[in-house]
Amino acid sequence: MSSYERFLAPCLRLLPPEAAKDIAGWGLRRGFLPAAPAFQNQALRATLWGLSFANPIGLAAGFDKDAAFLAGDLAMGFGFVEAGTVTPRAQPGNPKPRLFRLPEDKAVINRFGFNSAGGDAFRRNLEAYRAAHGRGQGVVGVNVGRNKDTEDAVRDYVYLVRTLSPLADYLCINVSSPNTPGLRDMQRSDALRKLIGACREALDGAVGTAAPPMLVKVSPDLDEAEIDLIAGTALELGVDGVVLTNTTIARGPDLRGAARDEAGGLSGRPIFARSTHVLRAFHERIGGSLPLVGVGGVFTAEDAYAKIRAGASLVQLYTGLYYKGPSVVREIQQGLVELLRRDGHASYLDAVGLDTAAPPSRPVAPDVAAEAPDVAVEAPAAAIA
Ligand SMILES: Cc1cc2nc3c(=O)[nH]c(=O)nc-3n(C[C@H](O)[C@H](O)[C@H](O)COP(=O)(O)O)c2cc1C
C-alpha cells in the first residue's frame, strides 16, 4: 500500500468527493512534487501517429477538464494526458452532488455533465502550457464535446476542432459520455457519419497536412451490431484511432456501494471486463489498421497488460488514480516491464492483440528515435481521493 493510500487518501475521503478532487487539482496546479523520479524503460516507448510516447499509460479525459494543470498531470509519470471534455461555451454542468464513491467496488459514479470553462479558457490554458513547456514533454490530447443547450451539435464539435487543433497533439471526439442528453445518439451510423465527416473536413481545412490525428471515444454499452457499424464508419471516414471506453450506465448485480443507484456513468473495477470486451471486439475488426486506446477499470500492471493483449496500443486510467494515488502510474509501468520480460517481449507493442482472434499486426512503431538517455520526471504528491 502506498503512503498516499495509507495517509493522504483517508484524509481526502473525509471530504465530499468533488471537494477532494478540486484540492487535488489545486495541488497539481501548484506543483507539489515528491522526490521519486518517474519510471522509464525502452520496452515502453512507442511512436504513434508520428508522436513519441515515453510510455503507453495515459491519464483519461475528465480529470483535467480545462487543461488547467497539464504539467502536473504529466509529472505524475503519465506518457500522455487527454484534457477535456471541453465545450465551446462555458457551462456549469449538473447540480452537485454529482460525484459518488463506491469504495467497496473500487468504482465511482459521476454525472458531471461536461462542466467546462469553455473553449476560450481551455485554449488560453493550453497556449500557456505550450509557451512554458513546448511540445515533446509528454503527449497532450484534447477531448471535445458539445454544449448541453446547443442547437447544432455538429457545429459545436467543428468549432472546437478548428480552434484547438493547432495546439493539440491529438483530438478525441467524445460521443459517449452518458451525462449529456442525446450525446450517445451521435454514435448511431448516420449521425456519426455526419459528425466525423464534418470534423475531418474542418481538421484538414484548419491545419492541412499538419492536422493532428482524430480519435473517437465510444461507450461500453454498445451491442455487436453497433460495434460493427462504428468500426466500419471509423475506417471509411479516416478516423485515426478509437478510445474504448467511456463510463457505463449499466449496473451489474454485484455492485455493493451504497451509491450504486445514483444516476450517471460508472467507472473503475466493475467496467474492466465490459470495456475490455469492447476493445477486443474493435481490435478484431480494425485493430490491424488503427491504434486503439484501452480504458476502463485499470488499477494494476496486470490490468494494463490485459488491455494491451486485448488490442490496446495505449492505455488510460482515471478511477485507478482516484483510489491508489499517483504511485499507481509507476507501479503499473514497473509491473508491465516485468510482465513483458517474463513473456519474452522486447517491446510492449509485441503483445498488442495477442489475446484476440485477429492476426498479429502492428499499426504502431517502437520509438527508435528515442534511444537517448531517459530523463527523470518528478511526480507530484497530491492526487484525488
Ligand atoms: C469523474 C469522472 C469524470 C469524467 N469525465 C469525462 C469527460 O469529461 N470526458 C470523457 O470523455 N470521459 C470522462 N470520464 C471517463 C473516463 O475518461 C474513462 O473513460 C472512464 O472513467 C473509464 O476509465 P476508469 O475506469 O479508469 O475510470 C470521466 C470519468 C470520471 C470518473
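In helix α7, residues I230, A231, T233 and A234 are buried. Viewed along the axis of α7, these buried residues fall within an arc of 165°, so they line one face of the helix. An α-helix has 3.6 residues a turn, so residues three or four places apart point the same way. The other side of α7 carries the exposed residues E224, A225 and E236. The structure described here is a predicted model.

Following α7 is G238, which has a positive phi, near 75°.

Over the chain, 11 helices and 13 strands make up the secondary structure. The chain has 385 residues, of which 55% count as buried. Of the contacts between residues at least 6 apart in sequence, 77% join residues at least 24 apart.

The largest nonpolar core contains 110 residues. Within this core, the residues that touch the most other members are V161, L171, I173, C199, L215, V242 and L244. The contacts of V242, with neighbours within four places in sequence left aside, are L215, V216, V218, A234, F282, L290 and L292. A234, one of these partners of V242, is also one of the buried residues of α7. L215, another contact of V242, is itself listed with V242 among the core residues that touch the most other members.

When residues up to four places away in sequence are not counted, L74 touches V81, Q137 and G138. The C-alpha atom of L74 is separated by 8.6 Å from that of V139, although the two residues are 65 apart along the chain.

Confidence was considered for the chain and for one segment. The average pLDDT of the chain is 89, and 89% of the residues score at least 70. Over residues 368–385, by contrast, pLDDT stays under 50. For this segment the model has 54 contacts beyond four places in sequence. Where pLDDT is low, the predicted coordinates should not be read in detail.

Notes:
Residues are numbered from 1 along each chain as its sequence is written. This is a predicted model: local features need pLDDT of at least 70, side-chain atom pairs count only at pLDDT 80 or more; totals for chains, interfaces and linings use all residues. A residue is buried if 20 or more other C-beta atoms lie within 10 Å of its own, exposed if 12 or fewer, and partly exposed in between; C-beta atoms are placed from the backbone. Helices (H or I, at least four residues) and strands (E, at least two) are DSSP runs, numbered from the N terminus. The arc is that of the directions from the helix axis to the C-beta atoms. pLDDT is the predictor's confidence in each residue, from 0 to 100. Two residues are in contact if their C-beta atoms, placed from the backbone, lie within 7 Å. A nonpolar core is a set of buried Ala, Val, Leu, Ile, Met, Phe, Trp, Tyr and Cys residues joined through C-beta atoms within 7 Å.
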